[in-house]
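This report is meant to be read beside the sequence and the coordinates. Please keep both at hand.

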Amino acid sequence: MAQAAIDIRAGELRQQLFRKYRFIDRKWDFMFWFTAAFVVGAAADITRLLFAGDWDFWTDWKDRQWWMTITPFATIIIPSALQYIQWRAWRMPTGATYTATCLFVATWVGRVVQWKYFVNYPINFVWPATWIPAGILIDFLLLQSRSFIITSVIGAGIWTLTFWASNYLMLAPFLQPTTFIGHTLTVADVQGITYIRAQTPEYIRVIERGSLRTFLQEPQYVALAFGTTLAVGGYWIGQFIGRYLAVWPILRYLKQV
Amino acid sequence: MKRRFALSLLGSLVALVAVAIGSTTASAHGERAQESFIRMESVAFWDVKFSSTNVKQGEDLTITGTAKLLETWPNNLSGGNPSVCYFTIVEPGAQFVLKDRMINGAEAPQSIFCHKGGTYDFSMTLTGRSPGNWHVHPAVAVEQAGTIIGPGTSVQVNEAAGGFSYPIKLLNGQTVDLESYGQWLIVGFSLLTFVLGLAWMIVWTWTRPTITRLAVTNQLPLNQDGGDAVGLITRQDHRNTAIIAGATAVLVIVAFTISAFAFPGRIPQQTDWITPPNFEAPASIADASLSSAIWDPSTQVLTMTAQIKNTGKSPVTLTAFRTAYLTFVNPTARSPESGEYQMTATPAGTIDPGQTQTIEIKLPGSVFQQEELLPVGKAQMAVAGVLEITDAGGTRNMDTVEASLTPTAT
């Protein structure tokens, strides 16, 4: 009896899901996804710029200590908010991937148009990181777990680790040693010296200076662990934004209407 | 409505034309925007020379000169105690590449440890990179103070056949072009991830409507989707997403492994700061100080009263006054070069050994006003700089001087 009731209820919901609406067709869906891309891309870009901008802009800032500590925290906030919104509203595990893809377009347009063509810095110096692999994996985790708590705890670790792996492989060529002005430096350091940044003197770099106590002689493991911890906090900041600054006001309005 | 729209459009067009006519090319670096006390009291530059002002892409030019962190360093900058400096170039973008940098004869790739009163001979070699006419200044950036700009000039970079490339040799013997090294990996891998992201979004948005799902999801608990019976998320969706997620994980793992083997011997970014050798100061031949600096807006003259004591063994002459990136030359000692200005020093003539002379120095106020260096009405009203004193043998002293600025009217 109970199962029959469940089946009837499911059938009603299914009918409602596949119902054709006269005035809400696929054009609305396209317009929504397309226009939201600008807002989401801008929100993610601004958050990244404010908290972790320099680490994302320059190869000589992408270090072993601070890059992995600051950037995962800064960049998980908006994907987390979008995860909540899109799961709550449509049961679509697309929030993090959508944010990362919009951010990809926003950052690359900015780097190419502004930094390469307007002020003439080479792309291999000012290339943006990619968050898409990390976004896909935490969206997949949300789909499988259906739990924001599990996604925050395990997902933050996946986010940090995947972000590191998918961007470190692009950074690897620039960590090759070379001799420049009589000193042994990385190719990234040489880029920073060679391509002059008038108002970003070298001492301003917040990078590893060798004083971090390390685990297995590698500061990045400590940084990854700490970055993961911070990213859990960042995830819940995003959840707060998604729940109380986005979904709750809209649902309240819809109820009134 | 139409009339209002047309008027708005016309107004916008007029404003646009007015801005376009009124705007000038932004080619300098906003030197005047920096507070006058910072420019005068922090760093003095002298003997700044550009080896060339016309180069081709790939050709070098060297900027040499001397910079001193003055004893009058403001106590509200760097806590009154500058300790880390970076000699750099101010230019509009990456139009040149910096190839070499020496401070007091030592190679200085990155920042240096500096101090108040320190004097630094610098030499920076640039290579022309982008064709165009570029305004270039040497500058000193000081931690917790900012960048203080020295005298600059415009440099023409002409196009070279073959364009610009910048080969560097790695420690493993490989020679790479810094302009494009690693670019294929960055662009290629980034595009691959973008394709995966698009695939994920297409799987979820192409095959089903979005907005109307809200009517159904509103009726379900947050951690439920109703399964295949409802159809919000189907087994096909699980399969497709597992494929994309799996492909993503494999791509990252394989690419990371390949990259780790392709680029072995990696080291972290370096912090290689040096303490440069001490500046070889010339023998002391004079002590100088200012007792007053009076600005008269009616005559547009800045009058400074200096006391100069000859502590050397031969007669000395006041040859110049330098402040910020300006040089005022005593014409009785030498003629001003291009970019320099003239001052008058009364009495003219030399100061004998052991004598102390009071000299009245008159400077053209129009230059100070143009460069916004007269801090009338600001919180720190003072004038500072270095007096250049030279003896018959060519020995020069650069004595730091400072006096409170007294305007005759505000």
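The model is a predicted one, in which local features need pLDDT of at least 70, side-chain atom pairs count only at pLDDT 80 or more, and totals for chains, interfaces and linings use all residues. Residues are numbered from 1 along each chain as its sequence is written, while chains are lettered from A and ligands numbered from 1 in the order in which they are written.

**Chain A**

Chain A contains 9 helices and 2 strands; helices (H or I, at least four residues) and strands (E, at least two) are DSSP runs, numbered from the N terminus. Read from the N terminus, its elements follow the order α-α-α-α-α-α-α-β-β-α-α. The C-alpha trace of chain A spans about 80 × 45 × 30 Å along its principal axes. Of its 257 residues, 53% count as buried. A residue is termed buried if 20 or more other C-beta atoms lie within 10 Å of its own, exposed if 12 or fewer, and partly exposed in between, with C-beta atoms placed from the backbone. Two residues are in contact if their C-beta atoms, placed from the backbone, lie within 7 Å. Among the contacts in chain A with a separation of 6 or more, 68% are between residues 24 or more positions apart.

Helix α3(A) is largely enclosed by the rest of the structure, because 23 of its 24 residues are buried. This helix bends by about 30° at A:I76, and a proline, A:P79, follows within four residues. The bend at a residue is the angle between axes fitted to the seven residues ending there and the seven starting there.

**Helix lengths**

**Positive phi values**

Just after α3(A), A:R91 takes a positive phi of about 50°. Phi of A:I181 is also positive, near 50°, and this residue lies in the loop between β1 (177-180) and β2 (183-186) of chain A. A:I181 is partly exposed, with 19 other C-beta atoms within 10 Å. In chain B, phi of B:N104 is near 50°, and B:N104 is placed in the loop between β5 (96-103) and β6. B:N104 is buried, with 20 other C-beta atoms within 10 Å.

**Between the chains**

Contacts join 81 residues of chain A to 84 residues of chain B. The side of chain A that touches chain B has 47 nonpolar, 20 polar and 14 charged residues. Here Ala, Val, Leu, Ile, Met, Phe, Trp, Tyr, Cys and Pro count as nonpolar, Asp, Glu, Lys and Arg as charged, and the others, Gly among them, as polar.

**Chain B**

The buried residues of α6(B) are B:D237, B:T241, B:A245, B:T248, B:V252 and B:A255. Their cover includes α6 (132-145) and α7 (148-171) of chain A together with α3 (183-205) of chain B.

An open, antiparallel sheet of 5 strands in chain B has the order β1-β3-β8-β5-β6. Strands pair if DSSP finds at least two bridges between them. Its edge strands, β1 (43-50) and β6 (106-107), each pair on one side only. Strands β3 (residues 60-69) and β8 (residues 119-128) of chain B pair in the antiparallel sense over 9 bridges, and B:T66 stands opposite B:D121 in β8(B).

The peptide bond from B:T346 to B:P347 is cis, with omega near 0°. B:P347 is located in the loop between β19 (344-346) and β20 (356-364) of chain B.
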